[in-house]
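Please read these points with the structure open beside you.

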Amino acid sequence: MKSLKRGLAADPNAVNISSKVFIRSAKSGRVQKVVREQYLRKDIPCSSLLCSACASTAVADANGVVPKFVLSKRPAGTKAFPDGHYLIPDTNVLLSGMDLFEESGHFHDVVILQTVLEELKNRSLPLYNRLMALTRSEDKRFYLFFNEFRSDTAVRRADGESINDRNDRSVRKAAAWYTSHLARVTKKPPVIVVLTNDQENRRKSKKEGINALSLRQYVEGLDDADRLLDMVSQGAEGQEGRALQGELFYPEYYSMTRIMTGIKAGTLHQGVFNVSPYNYLEGTVKVPAFDKPLLVLGREASNRSISGDVVVVEILPKDQWKVPSTQILDEDTVNQNDNPDNEEQEESVITENEKRALQEDVRRAHSAGADTRAQPTCRVVGIMKRNWRQLVGTIDNVSGSATGNRQTTVFLVPMDKRIPKIRIRTRQVEELIGKRIVATIDSWDRDTRYPVGHYIRSLGELETKEAETEALLLEYDVQYRPFPKAVLDCLPSEGHNWKVPTDTSDPGWQGRRDLRNILVCSIDPPGCQDIDDALHARPLPNGNFEVGVHIADVSNFVKPNNPMDAEASSRGTTVYLVDKRIDMLPMLLGTDLCSLKPHVERYAFSTLWEVTPDAEVVSASFTKSVIRSREGFSYEQAQKRIDDPTATDELTQSMRTLLSLSQKLRQKRMDAGALNLSSPEVRIEADNESSDSLADVKTKAQLATNSLVEEFMLLANITVARKIESVFPQTALLRRHASPPASNFADLSDQLKRMRGFELDVSSSKALADSLDQCVDPTHPFFNTLIRIMATRCMTSAEYFCSGSHAAPEFRHYGLASEIYTHFTSPIRRYADLLVHRQLAYAIGYEGGGNEIADESLRNKGKLERVCQNLNFRHRNAQLAGRASIEYYVGQALKARAEKTPGAAIDVEGYVMRVFENGIVVFVPQFGIEGLVRLEDFQLKNDEAAKRESIFDADGYTLTVFEKGREQQGVTVELFQQLKVRVSSEEKSGAREKGKRRVRIVVLSV
Amino acid sequence: MPSLASSSPFSPAELAYLHTSLSSVPPLRPDARSLGTDFRPLRAETGVLPAVNGSAHVGFSDGREAIVGVKLEVEKTVERKNTGLKYHVDSAMDIDMDEDERRKQAMGKQEWVTLTLTVPGLRDDDPNLAFLEEMLREPLAVPLSTAPQSDNSYTMSLQDSLVINSRWHWHVYVDVLLISPNGLASYPLPLLSMAAHLALRDTRIPKLKSEGEEDPVADDDWMASTYLYPRKVVTTSPRPPVILLVLVVGENVIFDPSREELAVADGIVAVSIASSTDDDKDCKVLAVRMVDSPARDTMKGIPQSEEPQKGVDVPGVWRPRVGGVKRSVLKAVIKSVVVDGVARDVMSGLDGFLNLEDGADAGANAV
């Protein structure tokens, strides 16, 4: 009998084969043993420029290129290793100190072992991606060494050896090999330093004669140690033997398996944890099983989850259900010592069946709506995914007393109110106070009340424009770094001199229609540089009109899958701040080559309709084209031109045609039930900083020409959406707006009914539009807008999606009352439009300029879904960043005004949007801001500076504020009430408010 | 079981010679084994297939080989509705309820053990194949303790150890491949059962991270898995059963019969043995099954001198075997298996092999 066993000593190939055995538990419940064989090689280079041996054996890759050797000939030395050194970090060091490795001044010549990289990938995907970016950066000199595949460094797991021990051993083996290997090829080899925070590993290394240091020990030997030491994660120290201290503040999480079972059985729910902006102790979790989000009340119930985390929650028994809090709670104002979550909940033991019954109750409570006010509450029992990011904040200067160069613990208070304070340890307290600081959260254990994090870098002084803008961009994760060289290399080499080729036999003209003779014009906001769209209309012999919408042909310049495409895809959208624009595409394209500037020939992607004078669309066609815009109007200019009776030229006539058609289109849309929504938008014209900048704050004016452009863009988007959906039934990139569940409107509906007696019919968008039209208060013209703003907030947000991921009826755009919708008209500033352009180009059989390679990625549903997800995320953030920017600007403007003319108060109209037990939220239309008004900020008659008290009527939505014992002198405010308020920008004592220039609103006595 | 041999390769004269020598006391075996209880040497190795939970490769010295792979899969337990039908317990026995309940719950089902046999050249619905599969499977899944035992030494049968919780269990798939020039005609039962035995003892169950009633999720570390049949061998620890093929010729009881010996058997008995749960006995008999002897289907011999007479036995002349085995002979078979310790020897031999194998593995890893 011949043995069938592999890997016996008798087998001559045994030394070249290694294998990896592990068990995979699939979601379906399958448990599978997986065996991976690894074939060991001898030609994987050490990649040190010192080594000639490896250089001669290194093999070429598939392209026939031998990879360049990375590790420097003359690596940097430190105090301990004056002759230079190469670093080999282990996984934990990378997990805790990635920020350090990204430092540009230190951490060069690093060998990343495959063992370490794989382990890191399993533990944290974001860190893995950051590390991969480092290995690609040329000046950092990080070398990815495939130690598991090199026969000298491959390590077979011994019997009874834990995986961690095995991995540690393989790090040591690689270090030992590097040491001996380099000693053989050079006389004075650099020292190989293993970085590990594991004491046992360091002990073993010492025994084996390998230099091993903890991250802290290593950093202490560097020049800039103080600053760098702050960046060593707190967790790293924790590993050095901090026993769990006595008091445990938080309950333990359930085991992962218990969570999975619970989710499958439907007794536990998964969702994203969101903290209320008004009350930091109240969070909500939206779970797929129920219409309305579940409440999470108190620190203990939220159990170390931070806003944005994907958490698993368990419904609490019915007697613990609560009415959502009517209090405004701010972490700053709540005294740290009296812990508001002291209402210890007794862990009651409930059986599975009872838990299931509880799910029913939730449904009932949700459907019952306003009748029973108590809402189902839940508690967090596990975290599926931490969405911790870098946070911007300030040091709470009371928490740490600076004592020289010693390490002190301080609280970092994030700008984002929903995130708790973070404990960080620093040696540079004095420098950090009064600065905007970027930090990250490392961990949150059961025995610390607040999460533990570490300092990353300082953005600069508070309230300086640079620091605040950068803080804002960081907060909303906007990529604002200049475009890398690889991206700029994708631009046309002619630069600004690029022109539409004059010769129509040029490949650029292939498949393009020449529309240069048509009178096209663009209408945009004043000063617009990135002109996406232009229009024309001309009469046809049969009495109908030809209407054309011409969109910048960005896809002609941005080819799929090149670095520029990748960059645009990850940026997703252009972000508009008050004084800054963060472009999605490089300037050259956005403001010049693509931009449909007047009097210049440009490539365009045109949608042409034949329309009857009653605005009925007869037919539509699409074509790539070349146009020459005759004029670039601003809305006002266009309006003037149309209104000017003396202007009778062809261009003006065509604009008049467009206007009348657009009005008919609009009416049709409204009849179909499109919503006229409102958001509190203001425009800021920030051209001249010297003048009274407050005057620049303007509410957006709505001209007829605005809606002219809007209507045709909507029409173009809808027409294109139909076309690409028919060609790509599974992978068309569309945009939808889901119908909001009726329960979303329950509160608003109740408020309207009680306060004003209006009925809100939410059965369809048409019904809603009609009932919103009814909500008019003749004395307060703004009332209707206020209601629209509040109604908008009850709705879900529109999202991009891939047509295959929803059923056709779900494509509907609720707000626009359209069956199908997409974005086509702004490819310069939105990546979605660019993709839609490519899909449309394919759909119409356009074959010019490298379009053929687009096919594969246009049909890849998985990829498209990932892109959609990113686009939705980027769009939301861009919106939020824009709003935050305006808010900041308004604050600064108010401050500037106050400094210039100290006495002059700014008294404006405000409207009550929400009423709490201890304050109200007031909306100020003039500045588009809303703000909290606390009891102290009510101006009372005969103010005696006594303690304020209030009577809150939750059903009547009224709040009466008075000084203690003087009820008669009180002020009563109610929901929707119009108030006179005084707006000022005031620096508050709380660290959180600082620099953000929260606007303070004072209610004047009525 | 029907005879598996299509035709015997031996002439009546050869058969008569073999039969005469085997029925002498002590038996004269054609391969010169001195005793009826002597076994031929065999070769075996475990862990030959990397991707399964347990495997074995066994080769007999006559060239036949068997390869067995064992796979475990997680499966949902179908709720049994008849668990409500519990025998009446009066209040005096209430104290034992918990124990009984636990035991009841820990009972696995026979269907959780699947065994398939592959013989090259045979259809997988061949009746002989199906019969052989069931013969191999049945002793594996026999409930060892059908009645609650008086003492606490409760040993579990294979399927009982497959229970994860009330909703989940492991399903064992034993896949057996026979490599033999004669196919089923070589009476491969002992070879297959021994290979299956070793493969099952090589089988590891992934360690579960989940606890209690949770859905099973395994620890991804293969090394953390545990043996399906615990390796720490105590005499009473459960082991998979082994089937021995015993030959009866005249009054003689012969183990591990060779091909020549099988050809002249008066009767063939398949005895399934398992390690006993009692301390005082090493092994116990699970099943005894008669197998048709190929000697039934042979041509009869014709005496040289005279006309053959009906019903008259001429010594030295071959006569196809008819009828069964005497009760006393069957008793002798069982006696030699259980009392004389053949079963114990076989089991300890297999134990010894596994210990050796363990040692070799440790040695290989140390290199």
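1. Helix H23 (residues 782-794) of chain A has 13 residues and spans 19 Å from its first C-alpha to its last, close to the 18 Å expected at 1.5 Å a residue (1.5 Å times one less than the number of residues). Helices are DSSP runs of H or I with at least four residues, strands are E runs of at least two, and both are numbered from the N terminus.

2. This is a predicted model: local features need pLDDT of at least 70, side-chain atom pairs count only at pLDDT 80 or more, and totals for chains, interfaces and linings use all residues. Residues are numbered from 1 along each chain as its sequence is written, while chains are lettered from A and ligands numbered from 1 in the order in which they are written.

3. The buried residues of H23(A) are A:Leu786, A:Ile787, A:Ile789, A:Met790 and A:Ala791 (buried: 20 or more other C-beta atoms within 10 Å of the residue's own, with C-beta atoms placed from the backbone). They pack against helices H21 (746-756) and H22 (765-774) and strands E30 (906-916) and E31 (919-924) of chain A (contact: C-beta atoms, placed from the backbone, within 7 Å).

4. A:Ala841 lies in helix H24 (residues 831-843) of chain A. A:Ala841 counts as buried because it has 24 C-beta neighbours inside 10 Å. Its C-alpha is separated by 9.1 Å from that of A:Ser555, 286 residues apart along the chain.

5. Five strands of chain A form an open sheet with antiparallel pairing, in the order E10-E9-E8-E11-E12 (pairing: at least two DSSP bridges between two strands). Strands E10 (294-297) and E12 (378-385) of chain A stand at the edges, each with a single partner strand, so one side of each is left without a neighbour in the sheet.

Note on methods. Buried ≥ 20, exposed ≤ 12 C-beta atoms within 10 Å, placed from the backbone. Contact = placed C-beta atoms within 7 Å.
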